[in-house]
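Please read the briefing below alongside the sequence and the 3D view. It takes up charged pairs, then the packing between helices.

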Amino acid sequence: MRRSMTQVTRLAFAGCAVLSLAACGSQSQEKSSEQAANQLDQAADQSDPAAAKVMKERAEQIRGSGTGAALDDPNAAVQDTMREAGAAQTGAAGK
């Protein structure tokens, strides 16, 4: 009986540790999403209007629609948005 209580206690502590790490990861990811949105805003401030519009819209999506908390890879989101902004800028320049 004593041995099984020790095992139960160890499992309980391990479960708490896993949950604690998961909670920290979630906060870190939300912080990274906010940083990604900030990077897009800063880049938009230095861009032409067509590219800036794409970047500002994406930054607002990350912040406002709850997408930020679920953003798997904030760096990839920034890179993808920058590509889209470049395409928008190229399209605007060609007109």
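Glu-34, Asp-41, Asp-45, Lys-56, Glu-60 and Arg-63 are joined in a network of salt bridges, a salt bridge being a side-chain nitrogen of Lys or Arg within 4 Å of a carboxyl oxygen of Asp or Glu. This is a predicted model, in which local features need pLDDT of at least 70 and side-chain atom pairs count only at pLDDT 80 or more, whereas totals for chains, interfaces and linings use all residues. Residues are numbered from 1 along each chain as its sequence is written, and side-chain values use heavy atoms, with hydrogens and water left out.

**Salt bridges**
- The structure holds 6 salt bridges, including one between Arg-63 and Asp-41 at 2.7 Å, N to O, which links helix 2 to helix 1 across 22 residues (helices are DSSP runs of H or I, at least four residues, and are numbered from the N terminus).
- Asp-41 also pairs with Lys-56, the closest N and O atoms being 3.9 Å apart, and Asp-45 forms a salt bridge with Lys-56 at 3.3 Å.
- Asp-41 is buried at 16% relative accessibility, whereas Asp-45 is exposed at 59% (buried means under 20% relative accessible area, exposed over 50%, and partly exposed in between, with a 1.4 Å probe and protein chains only).

**Nonpolar core**
- In the largest nonpolar core, which has 13 residues, Leu-40, Met-55 and Ala-85 touch the most other members; such a core is a set of buried Ala, Val, Leu, Ile, Met, Phe, Trp, Tyr and Cys residues joined through side-chain atoms within 4.5 Å.
- Helix 2 gives the most to this core, with 6 residues.

Technical notes
Helices (H or I, at least four residues) and strands (E, at least two) are DSSP runs, numbered from the N terminus.
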